[in-house]
Protein chains: 2
Amino acid sequence: MPRRQLHLNAFLMNTGHHEASWRLPESDPYAHVELDHYVRLARIAERGTFDSLFLADGPQLWGSVGQRPAGALEPLTLLTALATATEHIGLIATASTSYNSPYNLARKFASLDILSGGRAGWNIVTTAGAEAARNFGLDAEPAHAQRYARAAEFLDVALKLWDSWEDDAIVADKETGVWGDDTKIHPPRHRGTYFSVEGPLNVPRSPQGYPLLVQAGSSEDGRAFAARYAEAVFTAQQTVGDARAFYADLKSRTVAAGRDPEHIKVLPGLVPVLGSTEAEARAAERVLEDHIVYTHGVGNLERLLQLPAGSLELDAPLPADLPPESAIEGAKSRYTLVVELARRDRLTVRELIGRLGGGRGHLTFAGTPEQVADEIETWFTGGAADGFNIMPAVLPSGLDAFVEHVVPILRARGLLRTAYGPRRTLRDRYGLPRPANQHVKEVAPPLPAHAPTPTLV
Amino acid sequence: MPRRQLHLNAFLMNTGHHEASWRLPESDPYAHVELDHYVRLARIAERGTFDSLFLADGPQLWGSVGQRPAGALEPLTLLTALATATEHIGLIATASTSYNSPYNLARKFASLDILSGGRAGWNIVTTAGAEAARNFGLDAEPAHAQRYARAAEFLDVALKLWDSWEDDAIVADKETGVWGDDTKIHPPRHRGTYFSVEGPLNVPRSPQGYPLLVQAGSSEDGRAFAARYAEAVFTAQQTVGDARAFYADLKSRTVAAGRDPEHIKVLPGLVPVLGSTEAEARAAERVLEDHIVYTHGVGNLERLLQLPAGSLELDAPLPADLPPESAIEGAKSRYTLVVELARRDRLTVRELIGRLGGGRGHLTFAGTPEQVADEIETWFTGGAADGFNIMPAVLPSGLDAFVEHVVPILRARGLLRTAYGPRRTLRDRYGLPRPANQHVKEVAPPLPAHAPTPTLV
């Protein structure tokens, strides 16, 4: 029997996940708005037989443009362009349930899934922060619980829209002039708390049925949502122990929601910083830290912790009297992760900024390719991960180094595919079945169970 | 001095603009959801040195799927995929101001403009019909005037968002760690009747500043809107006389709005049906008419005229007591065009359906390539058109025939470019200047005047 296979996602971000990466001599500070940069990254990831690419997003400009490359191409648009420049790799776009309408978003994902031959994925976010809210007619951000309630209804509507055409609704009988079968079209006629959507969708059912559903928040609301809907979860975990606890919790919640625990893949973030020796890797890490502008970092940290400007001192620890996660309406799980990291490792504000600069709370691991592969294998075989969300500190060089030096080791150990197989959809890559249509009761049970059906070509 | 140049747009639609085109032996009834079909069409249009491609759209499924290929890939998504498969041609996507938010839509168009090197255009529609309204939380369609009021405010917000980054806001100084200049970022801070949008946009200003603005409604509200904002106008005109009157009216309204009449290009729709003789062209037209399912056509016509089902008889003329355009809340100018066509040519319902089957109210012209070129030249030199919106009855063959047989004649007469020039944006193709940023007062006067500025590379 073949070994259980590792899943790798390439999390693409501008010139890299380290906030100072754009200042390195090798980096192009305009890369984040250049198609060629992303095409190059996508092709490197395909060379490494990654499962997917991923783009984070928020519909607002983050803080000052003075500090680092700001703004971003809209992810669905950029990934559509990348669909035509790649052949195998999955394309996961972040989109907000708070600031989109189900009809438009369901249609865009169905369109990308069709155009890419079944490679679309949706990272479902509820979007924290007042800045985004103010771009969409609101004065303040909706409460965390309300955002998640809207997200759940959004998903229900979207799933109904994606199932509003049965797979065989198209007849295409030229002789009689009958193109489609109206009895196989099912308008959702949804009337709920947040949405009224008549439907049906105006796109036929796509190769995957609907995009792979991905989720990335680890708060209580976020975990409940993931257990119900998500097929892949991105998470930030600093230690293998914490990761193991999170993994076990999420799998058991998924079982409790009536789903197969194999149908949710857990991928912690990993920022690999490679060197041919450990000392060389640490030196590369220090070069990046030396490029951080610490005065910017203080302001960013104050924003994250919801403290007034001027509250933090660079060479002192965090204040002792920070509010609990329950009082935070923004990105809850990220708040707790940062505060716990600072306390556990007794970091000053300066040291904390240095640590966050690399992966914004994700695990940074500096070492030789062998050491990085060992760490990956330890987590993967130790019940802490089904794969990793690879977040290179510098792009494209960090992704290239990972594919050149770590991927061959993982392949030699039988943990990672050596080539893409004949099956082509993103769910095929992650070992997940194509979801049945909720209206085709004789073929499969209704959602949320996921019964295997043949992949459309 | 070179001759005034003709502008050509290729209006792409499934297997062609004739409603029965999908039933021909040559047609692929799944073409409308196949990327390869559209890539092929785009490359034919580029061979013909067309200015642009265009996709119509509405966020709803039209009527029954029984009649003809239904549903469509979302236009911005499809055109983004085509951007990477083409090099020169403009990409005009339809999107609704009634069923989108300005922030999301402005960002998507800015992203496509960047990814395509300045080739994006937006066909601005307000979207008639209750079917669309019911997909977005409404029970009935908003009144025509209200849709246009929202559209005007939408445009104002979008223009502010596109100008929220000055062209030189990015500094990229690696030495000092300063990436952007915050004084060159201008949040709109818009609070209006329909929208509150703080901004700024999270995408830098794009190669064209913003997409080419296109409009296609010819009602009173539509013309007023076009005079104020549009740089290209698609219109349905059945006779050169009507077209001349429309052209003169729109140019004079544009002058009255304080704009240069050269900065609005008028493109009537034209359905060319080609044959090596006139008789052969007429025979090709009859083959298409023979494939129409007339019982479907009656229902569609009743919907358009807002009559109860069963009101129309196939072999009788239209009823005499139809309501005036002012009583119609849907697609006003199309309503009037269809009614006038039936009355002017004394058509029965069957004959009217036959005429509409080809181009839905646009001018169908069956003839030899020479005759079609003559018709184009007559309109173009006679004050009726700045170019044409070419709507082949059958695709891809009709577009291919036009490029093979009509384009060489137009080139030989000096009316159409023989190759794309070195300037690359969609506005360059249409001979329009790049719009100045409204915040850069020393370089150019404020909008709506369009002062030339250098094209970004």
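How are α3(A) and α2(B) oriented to each other? In this predicted model, helix α3 of chain A, residues 102-115, packs against helix α2 of chain B, residues 75-83, at an angle of about 30°. Angles under 35 degrees count as roughly parallel, and α3(A) and α2(B) are therefore roughly parallel to each other. Their axes lie 9 Å apart, and the crossing of the two helices is right-handed. On the side of α3(A), the contact is made by A:Arg107, A:Lys108, A:Ser111, A:Leu112 and A:Leu115. The partners on α2(B) are B:Pro75, B:Leu76, B:Thr77, B:Leu78 and B:Ala81. Sorted by class, the contact of α3(A) with α2(B) has 6 nonpolar, 2 polar and 2 charged residues.

We can now turn to the contact between the two chains as a whole. Chain A contributes 74 residues to the contact, and chain B contributes 74 residues. The size of an interface is often given as the accessible area lost when the parts come together. Here, the area buried between chain B and chain A is about 5900 Å², and carbon and sulfur atoms give 59% of that area. Within chain B, the residues that lose the most area to chain A are B:Leu115, B:Lys174 and B:Trp179. Together, these three residues account for 13% of what the chain B side buries.

Next come helix pairs inside a single chain. Two packed helices are described by the angle between their axes and the distance between the axes. In chain B, helix α12 (residues 369-381) and helix α13 (residues 397-412) pack at an angle of about 55°, with 9 Å between their axes. That angle makes α12(B) oblique to α13(B). The crossing of α12(B) and α13(B) is right-handed. From α12(B), the residues B:Pro369, B:Glu370, B:Val372, B:Ala373 and B:Ile376 meet B:Phe402, B:His405, B:Val406, B:Ile409 and B:Leu410 of α13(B). The residues of this contact divide into 8 nonpolar, 1 polar and 1 charged.

In chain A, helix α9 (residues 294-304) packs against α11(A) at an angle of about 90°, and the axes of these two helices are 10 Å apart. The helices α9(A) and α11(A) are therefore roughly perpendicular to each other. The contact residues of α9(A) are A:Tyr294, A:Gly297, A:Val298 and A:Leu301. They face a set from α11(A) that includes A:Val349, A:Arg350, A:Leu352 and A:Ile353. By class, the contact of α9(A) with α11(A) has 7 nonpolar, 2 polar and 1 charged residues.

Some details of the backbone also deserve a look. In chain A, a cis peptide bond joins A:Leu395 and A:Pro396, with omega about 5°. A:Pro396 sits in the loop between β13 (387-390) and α13 (397-412) of chain A. In chain B, the peptide bond from B:Gly199 to B:Pro200 is cis, with omega near -5°, and B:Pro200 belongs to the loop between β8 (196-197) and β9 (212-215). A:Arg346 is not a glycine, yet it has a positive phi of about 45°. This arginine, A:Arg346, is found in the loop between α10 (332-344) and α11 (349-359) of chain A.

Finally, there is the confidence of the prediction. The model scores ipTM 0.92 and pTM 0.93. Chain A averages a pLDDT of 92, and 96% of its residues score at least 70. Over residues 444-457 of chain A, however, the pLDDT is below 50; this stretch has 35 contacts in the model beyond near neighbours in sequence.

Methods:
Residues are numbered from 1 along each chain as its sequence is written. Chains are lettered from A and ligands numbered from 1 in the order in which they are written. This is a predicted model: local features need pLDDT of at least 70, side-chain atom pairs count only at pLDDT 80 or more; totals for chains, interfaces and linings use all residues. Side-chain values use heavy atoms; hydrogens and water are left out. Axes are lines fitted to C-alpha atoms, for helices over the stretch in contact, and angles run from 0 to 180 degrees between N-to-C directions. Helices (H or I, at least four residues) and strands (E, at least two) are DSSP runs, numbered from the N terminus. Angles under 35 degrees count as roughly parallel, over 145 as roughly antiparallel, 65 to 115 as roughly perpendicular and the rest as oblique. A crossing is left-handed if the near helix is turned anticlockwise from the far one by less than a right angle, and right-handed if clockwise. Contact means heavy atoms within 4.5 Å. Ala, Val, Leu, Ile, Met, Phe, Trp, Tyr, Cys and Pro count as nonpolar, Asp, Glu, Lys and Arg as charged, and the others, Gly among them, as polar. pLDDT is the predictor's confidence in each residue, from 0 to 100. Buried area is the accessible area (1.4 Å probe) that two parts lose on being put together, summed over both.
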